[in-house]
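Subject: Handover of the two-chain model

Dear colleague,

Please find below the structure I promised to pass on. My notes on what was found in it follow directly after.

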Amino acid sequence: MTQAVQTKLKYAIETSGLGKRYRSFWALKDCAVTVPQGSVTALVGPNGAGKTTLLKLLVGLNRPSAGAAVVLGQTPNQTTEYLSEIGYLAQEIPLYSQFSAADHFAMGAHLDPRWDNDLAVKRLNELKIPLDRPVGKLSGGQRAQVGLAMALAKKPRLLLLDEPVAALDPLARVDFLTSLAQAAADADGELTVVMSSHLLADLERVCDHVIILASGETQLCDDIEQVLKTHKLLVGPPGALPASNEYIVIKESRSSTAAHALVRLSSLRISVPGWHVRDVDIEEIVLAYMGQSRDAATSEGAAQ
Amino acid sequence: MIFHISSRSGVPPYLQIVQQVKQDIRLGLLEEGDKLPAVREVVTMIAINPNTVVKAYRALEAQGYIEKRSGIGTFASKPPPAPPPGVQAALLAKLNEWIAETKAAGLDEEAAEALFTTALRNKRGESHDASSTN
């Protein structure tokens with residue numbers, strides 16, 4: 001059922017073979033992801049996985065060394081026509097610390113004909129963030145909210161956020177994500193959001209899609225609910241899990257008394273005699289993929 | 001009504017909302033005609049993806065637990081009729097018999113529960129298959 005709906009949906013982002021090389025180092029390679037229009041997608045991976053590289057390629061701040069990206073039907077570029085559709089909040093939240101939020105908004109209104117100043121002011125008022133105080137004197141959480149308000153005042157169709165909550169305390173995180181979820185609700189499917197994080201735990205409720213990057217490569221790109229359905233933990237006797245075309249093993253661990261295997265199912269029916277099937281949460285699945293890529297990288301290094 | 005989403009359960013958030021509404025209806029906390037929070041209110045309450053709430057409400061509507069009145073909101077409807085008490089008692093008696101069998105076979109409670117959960121899950125897998133072919 002969900003598959004039929006998904007093919008009807010337009011993708012806000014579609015990449016194929018996308019890569020970025022710095023000298024001999026591939027920061028991102030062979031990246032093939034699709035992000036459905038109207039989704040809120042988490043881009044997760046450890047530090048150095050290529051998350052920022054991917055986001056910069058999508059904004060058009062970097063040019064790909066290989067492959068291509070189609071964003072809102074266009075190749076990312078630096079024209080005003082393209083950039084007015086995209087809200088981008090860089091990791092360091094670039095704001096002028098001496099200027100107030102109101103100053104920033106005035107600048108935005110001056111630069112962008114579509115600027116919705118009332119919306120930006122209303123957002124900050126709701127959060128009781130002073131408009132007239134220099135942003136350098138606001139808390140980290142408040143600065144992040146000013147950055148988000150500015151990105152949303154552009155009325156973008158795509159919002160790209162690089163580690164928006166990494167530096168925030170737990171309460172500010174929840175506030176930020178609530179603001180974001182409200183914006184998604186208000187846009188009624190017209191806004192697509194991609195936000196990166198090195199952990200999914202903070203984001204998973206707000207997101208309905210996930211992209212896992214590790215060591216510059218795409219490990220997984222899917223609907224979160226689908227991910228939960230197709231990944232299970234098999235618990236059984238010590239010894240190898242029998243090979244089967246019903247699943248692919250992502251991570252195995254053994255003790256003297258039992259073996260655990262986190263698997264991706266090829267079909268939703270599974271039975272392995274003597275093994276129990278357990279549900280796993282999304283965090284465990286993400287960690288398993290990250291661990292898998294690390295192990296692969298280590299063994300590659302050892303072989304060289 | 002207040003929702004609570006656990007991210008540690010492996011149960012998709014939309015299903016958690018569905019289960020909580022059903023539970024509140026069964027417990028009488030949500031009665032026929034009571035208004036459910038609007039999607040944006042739920043989003044504000046628990047910082048959740050709006051599509052998840054929409055999906056949960058749609059599932060509940062399809063199952064007859066709630067109804068949408070356009071322009072006004074979403075309301076609890078009369079809960080779908082439960083099987084008559086006799087049927088439930090009969091099912092429980094069968095289950096008791098089965099539990100006695102597991103005891104006789106030397107299985108402890110946990111082992112019996114694991115079997116039961118596995119059987120439920122396999123059935124669930126079958127119905128997922130069926131729904132995905134639609």
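Across which strands of chain A does α6(A) lie, and at about what angle does it run to β6(A)? α6(A) lies across β6 and β7 of chain A, and it runs at about 165° to β6(A), where angles go from 0 to 180 degrees between N-to-C directions and axes are lines fitted to C-alpha atoms, for helices over the stretch in contact.

Before the rest, two remarks on conventions. Residues are numbered from 1 along each chain as its sequence is written, while chains are lettered from A and ligands numbered from 1 in the order in which they are written. This is a predicted model, in which local features need pLDDT of at least 70 and side-chain atom pairs count only at pLDDT 80 or more, whereas totals for chains, interfaces and linings use all residues.

Chain A overall

Chain A has 9 helices and 14 strands. Its radius of gyration is 21 Å, close to the 19 Å that the globule rule gives for 304 residues, so chain A is as compact as a globular protein of that length; the radius is taken over C-alpha atoms, and the rule is 2.2 Å times the number of residues to the power 0.38. Along the principal axes, the C-alpha atoms of chain A fill a box of roughly 65 × 40 × 40 Å. Buried residues account for 39% of the 304 residues in chain A, a residue being buried if 20 or more other C-beta atoms lie within 10 Å of its own, exposed if 12 or fewer, and partly exposed in between, with C-beta atoms placed from the backbone.

The assignment for chain A gives domain 1 (2-223) and domain 2 (226-303), the bounds coming from an automatic or database domain assignment. The C-alpha centres of these two domains of chain A lie 32 Å apart, and their contact takes 16 residues from domain 1 of chain A and 9 residues from domain 2 of chain A; contact requires C-beta atoms, placed from the backbone, within 7 Å. On the domain 1 side, β9 and β10 of chain A are the elements that give two or more residues, and β10(A) gives the most, with 5 residues.

The six-stranded sheet of chain A

An open sheet of 6 strands has the order β6-β7-β8-β4-β9-β10 (chain A), with mixed pairing, where two strands pair if DSSP finds at least two bridges between them. β6 (86-89) and β10 (217-223) of chain A stand at the edges with a single partner strand each, so one side of each is left without a neighbour in the sheet.

Not counting residues up to four places away in sequence, A:V206 touches residues of both chains, including A:V40, A:L177, B:A47 and B:I48.

The contact between the chains takes 29 residues from chain B and 26 residues from chain A, and α5(B) gives the largest share of the chain B side, 9 residues. In chain B, an open sheet of 3 strands has the order β1-β3-β2, with antiparallel pairing.

With best regards

Terms used. Helices (H or I, at least four residues) and strands (E, at least two) are DSSP runs, numbered from the N terminus. Two residues are in contact if their C-beta atoms, placed from the backbone, lie within 7 Å.
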